[in-house]
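Hi everyone, thanks for making time.

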Amino acid sequence: MTSIKDFHTISDDALVLPPDVSGSDFREAIRAIASIVGDQNIVVHTTQSMKNDEEGHYFNLPKEHDLFYVLEKDVFLASAVVSPGSVEDVSQIVKLANKYLLPLWPTSLGRNLGYGGAAPRLRGSVVLDMGARMNKVIDVNARDRTCLVEPGVSYFALYDYLQANGFQDLWIDSPDLGGGSVMGNALDRGAGYTPYGEHFSMHCGMEVVLPTGEILRTGMGALPDSNTWQTFQYGFGPYPDGLFTQSNFGIVTKMGFWLMPDPGGYEAYLFSFQHDSDLPAIVEIIRELRIKMVIQNGPTIRNTLIDAAVYAPKSHYTASKAVLTDSEIDAIAKDIGVGRWNVYGAMYGPKPMRELQWQALEAAFMQIPGAKYEFAKPRAEGAKQTVLHMREETLKGIPNTYELGWLNWTCERGSLLGFSPISPATGVDANKQYQMVRKRFTEFGFDYIGTFVVGWRELHHIVCLTFDKTKPAERKRAHRCIELLIDDAAKEGYGEYRTHLCFMDQIASVYNWSNGASMKFNEQLKDSLDPNGILAPGKSGIWPARLRGRGFELKRSTEYGLAETH
Ligand code: ADP
């Protein structure tokens, strides 16, 4: 990375110029941005300056490229990384970007693991590192149980803020890894595990810099001096908030969230099931309990290997490098004391409420032959911390990073690629999904590591493909495997809820009901809101008119002549 002071030493050839921007315009634009944010808050990148693979880790992620690159390392490479310090900075930068046709890629903390991190979809975009300096908890309201945060507030930071400022009776909701941005995760429509786990549903009010540089407040925030910005989500007229999620229509600079009051009691549990074939019965039970709200949150149904990966890499369990067989997985389940499927859930509320809930849970789950249950008992000094202890924290919104263990399953410093289709919460669909993914994973040489999360009426199937990025053939296998799975899933009526940069075009192309009406609508909005096409080109497969159809969309790998590599 090159500081602005040494910027003149980089030749035009070495710059990662975005399309339609000449070397001299790029230099002028970068200097103009530096005069807004200060020289110390902008760095220019070249292919030589990408962070070394050995240096990158969860708390030191590259901002200019994806640490877990699936295609070549410099495919999704930023030309520069800028850290604005205020909403006004962002607005001014956006105005300059329009003048120079400079693509901007906003990211909050860039810990979007398995989906591309902070890296931009279009090579040469300038990453706006929104979280680096804009990282304040602006407000917490104890009466309404709400907060207002900037992009750089992580789950750890919000939790610590509440603990340190007398709000210990307010809970937050953290996803599996607590280092991500509260805002960034909600904008990518991520989820956590308390009753407030559906993050976008629990947001209330946004401040957004539009692609023209104008600043908008949504919901009640449109009313000057509003006193309900964080308490009533809709305001008056059309409700635009959803348009700023997984999109490229605006840069969010403030976002409100509802916080859950301590429910007055809590207990986490694990139901474990011994047979691979138990999955459909488990899902049928959970759907009914969840829709009827006996289960108040989104419980997870985890396979043996996801728990095993939290404890140790594959090499700890076996010398085999091959895809594990059922009997090998059974042996690992026995070794770590879990089932083939494991439901981690929790009960919330005072004891009498939990007792009634428990009666319903026990009666339902224990009908499955071989089912067992346990509670997270306090750990004796020196006793092993089990996945149940870890989930006990996550299920009450305490941020942590235990699940980083997944990354090392295949190799040390391994990589993760997420595949996340949605299906109905039925046993038939869960099983079809599981078989479909396991078959492809076996074909391409990967162990199935996954979890089914029952949001409310649907199943989020979260599949973790772990791979060794230092092996180009393995990266190609990983890429091709997910590419085929997206098509397999679409044929069965399943679509992904979120994806890695390299599959955005493909997934957008399968959401094509009625001659692609959805994409036509998105493109119409894009062209009207962002006529110069400067904001996050290609995000979710949405390309602005200026760049559309010019070869920036990623085709299927077979169309590039990449031979099937398995
Ligand atoms: P996290 O650190 O929680 O994983 P990221 O910062 O990686 O979240 O954000 C996830 C995605 O959400 C980004 O790739 C980007 O598309 C979008 N995003 C994040 N922050 C903003 C923002 N402030 N404005 C608009 N979009 C954003």
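Let's begin with a definition: the radius of gyration here is taken over C-alpha atoms, and the globule rule is 2.2 Å times the number of residues to the power 0.38. With 566 residues, that rule puts a compact globule near 24 Å, and the chain has 24 Å, so the two agree.

Before going further, some housekeeping. What you see is a predicted model, in which local features need pLDDT of at least 70 and side-chain atom pairs count only at pLDDT 80 or more, while totals for chains, interfaces and linings use all residues. Residues are numbered from 1 along each chain as its sequence is written, and side-chain values use heavy atoms, with hydrogens and water left out.

Okay, the overall picture. Along the principal axes, the C-alpha atoms fill a box of roughly 70 × 60 × 55 Å. The chain has 15 helices and 21 strands; these are DSSP runs, numbered from the N terminus, with helices being H or I of at least four residues and strands being E of at least two.

How many of the residues count as buried? It's 59% of the 566, where buried means under 20% relative accessible area, exposed means over 50%, and partly exposed is in between, with a 1.4 Å probe and protein chains only. The accessible surface of the chain comes to about 22400 Å², and 53% of that belongs to carbon and sulfur atoms. Those areas come from the Shrake-Rupley method with a 1.4 Å probe, and for residues only the protein chains shown count as cover.

Now contacts, meaning heavy atoms within 4.5 Å. If you take contacts between residues at least 6 apart in sequence, 73% of them join residues at least 24 apart.

Two residues let you see that up close. Thr300 lies in strand β14, residues 300-303, and is buried, because its relative accessible area is 2%. Leaving out residues up to four places away in sequence, Thr300 touches Tyr193, Asn342, Val343, Tyr344, Arg391, Thr451, Phe452 and Val453.

The other one is Ala268, in strand β13. Ala268 is buried as well, with a relative accessible area of 2%. Among the residues that Ala268 touches are Gly345, Phe375 and Leu388. Ala268 and Leu388 are 120 residues apart in sequence, yet their C-alpha atoms are 7.7 Å apart in space.

On to charges. Side chains of opposite charge can pair when their charged atoms come close. The structure holds 38 salt bridges, a salt bridge being a side-chain nitrogen of Lys or Arg within 4 Å of a carboxyl oxygen of Asp or Glu.

Please find Asp276, in the loop between β13 (266-273) and α6 (279-291). Which residues does Asp276 pair with? One is Arg340, with the closest N and O atoms 3.3 Å apart. Arg340 sits in the loop between α9 (326-336) and β15 (341-348), 64 residues from Asp276, so to speak a link between distant parts of the chain. Another partner is Arg438, at 3.4 Å, N to O. Arg438 is in helix α12 (residues 427-444), so this pair ties together parts that are 162 residues apart in sequence.

Are these side chains buried or exposed? Arg340 counts as buried at 5% relative accessibility, Asp276 counts as buried at 19%, and Arg438 counts as buried at 16%.

There's also a pair of sequence neighbours: Arg287 forms a salt bridge with Glu288, their closest N and O atoms being 3.1 Å apart. Arg287 is buried at 18%, whereas Glu288 is partly exposed at 35%.

Last stop, the backbone. Most residues other than glycine have a negative phi. Ala536 has a positive phi of about 40° although it is not a glycine, and Ser540 has a positive phi near 55°. Ala536 is found in the segment after α15 (513-529), and Ser540 is found in the segment after α15 too. Ala536 is buried, with a relative accessible area of 4%, while Ser540 is partly exposed at 22%.
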